[in-house]
Amino acid sequence: MAATLILEPAGRCCWDELVRIAVRGLVPEQPVTLRASLCDEKGALFQAHARYRADARGELDLERAPALGCSFAGLEPMGLLWASEPEKPLLRLVKRDVRTPLAVELEVLDGHDPEPGRLLCRARHKRDFLPPGVAGRVRGTLFLPPEPGPFPGIVDILGTGGGLLEYRASLLAGKGFAVMALAYYNYEDLPKTMDILHLEYFEEAVNYLLSHPE
């Protein structure tokens, strides 16, 4: 029987949703290497991999089987997704356009590093940042949950890198919050640096959110 990679939920889910990863059809006690790969919006490659060993039935379930080393070790069911590292040093995985998913390629290879063998099976999984039904775009971006409100409100000011970063706000909206991802410099007509910041700008964002019917 050929090896099969099983993902639950299959095909697609939200970025912060748990994914069960399992492999069926292996040889009993077979050593394998699992590898996860994804590219960011600029084409930079991020990867994680870990060694595993199938059980006596030729099955592997990452919720029960500990990783034997590489990018991480121990019982880490989501390790292949959180432990991804950039191919080029010092890069950081940042999702700027939350309207499109990140696609993760998962592969099962025969044997262990440093020379894992042939490809046994693979699967592709899309990870969304914008849950179905979450919508809304203002200056910055206002994300609303799909169900009727009112909702607790958050103004999300993320980091000091400038621009508009929406990924955390979109995920929080999927958890029942009305969230405004607020750009405050180096975006469109806003100041290009952080030298001078006007508190009235942030107050205006808070007042807008408070006045929103949802």
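## An exposed arginine and its surroundings

Arginine 92 counts as exposed, its relative accessibility being 61%. The model under discussion is a predicted one. Arginine 92 is placed in the loop between strand 9 and strand 10. Apart from its neighbours within four places in sequence, arginine 92 is in contact with Phe46 and Tyr167. Between the C-alpha atoms of arginine 92 and isoleucine 157 there is a separation of 18 Å, and these two residues are 65 residues apart along the chain.

## Overall architecture

The protein contains three helices and 14 strands. Its C-alpha trace spans about 65 × 40 × 25 Å along the principal axes. Of the 214 residues in the protein, 43% are buried. Among contacts with a separation of 6 or more, 58% are between residues 24 or more positions apart.

Two domains divide the protein: domain 1 covers 4-128 and domain 2 covers 140-211. The C-alpha centres of domain 1 and domain 2 are 33 Å apart. In the contact between them, nine residues of domain 1 meet nine residues of domain 2.

## The nonpolar core

The largest nonpolar core comprises 62 residues, and those with the most contacts inside it are Leu5, Val23, Leu34, Tyr52 and Leu60. Because both domain 1 (4-128) and domain 2 (140-211) give residues to this core, it lies between them.

When residues up to four places away in sequence are not counted, valine 23 touches Ala3, Thr4, Leu5, Leu34, Gly58, Glu59, Leu60, Val108 and Cys121.

## Salt bridges

There are 13 salt bridges in the model.

| Salt bridge | N to O distance |
|---|---|
| Arginine 12 and aspartate 128 | 2.8 Å |
| Glutamate 41 and lysine 95 | 2.7 Å |
| Glutamate 105 and arginine 124 | 3.3 Å |

The salt bridge between arginine 12 and aspartate 128 has its closest N and O atoms 2.8 Å apart. This pair links distant parts of the chain, with arginine 12 in strand 2 (residues 12-14) and aspartate 128 in strand 11 (residues 119-128), 116 residues apart. Arginine 12 is partly exposed at a relative accessible area of 42%, whereas aspartate 128 counts as buried at 16% relative accessibility.

In a second salt bridge, the side chains of glutamate 41 and lysine 95 meet at 2.7 Å, N to O. Glutamate 41 belongs to the loop between strand 4 (31-39) and strand 5 (45-53), and lysine 95 to the loop between strand 9 (85-86) and strand 10 (102-110), so the pair ties together parts that are 54 residues apart in sequence. Glutamate 41 is partly exposed, with a relative accessible area of 41%. Lysine 95, by contrast, is buried, with a relative accessible area of 4%.

Arginine 124 is exposed, its relative accessible area being 52%. Through shared partners, salt bridges join Arg35, Glu105, Glu107, Arg122 and Arg124 into one network.

## Aromatic side chains

Six aromatic pairs are present in the structure. In one of them, the rings of tyrosine 184 and phenylalanine 202 have their centres 5.8 Å apart and their planes at 50°, so the pair is tilted. The pair links distant parts of the chain, since tyrosine 184 is in the loop between strand 14 (178-181) and helix 3 (199-211), while phenylalanine 202 is in helix 3, 18 residues apart. Tyrosine 184 is buried, with a relative accessible area of 9%. Phenylalanine 202 likewise counts as buried, at 18% relative accessibility. One aromatic cluster is formed by Tyr184, Tyr185, Tyr201 and Phe202.

An aromatic ring is also involved in an arrangement with a charged group. The charged end of arginine 127 sits over the ring of tryptophan 15, at 5.5 Å from the centre of that ring.

How values were computed
Residues numbered from 1 in each chain as written. Predicted model: local features only at pLDDT ≥ 70, side-chain atom pairs only at ≥ 80, totals over all residues. Heavy atoms only, no water. Core = buried A, V, L, I, M, F, W, Y, C linked by side-chain atoms within 4.5 Å. Buried < 20%, exposed > 50% of the residue type's maximum accessible area, 1.4 Å probe, protein only. Domains from an automatic or database assignment. Contact = heavy atoms within 4.5 Å. Salt bridge = Lys/Arg side-chain N within 4 Å of Asp/Glu carboxyl O. Helix = DSSP H or I, 4+ residues; strand = E, 2+ residues; numbered from the N terminus. Phe/Tyr/Trp six-rings, centres within 6.5 Å; stacked < 30°, edge-to-face > 60°. Lys NZ or Arg CZ within 6 Å of the ring centre and 35° of its normal.
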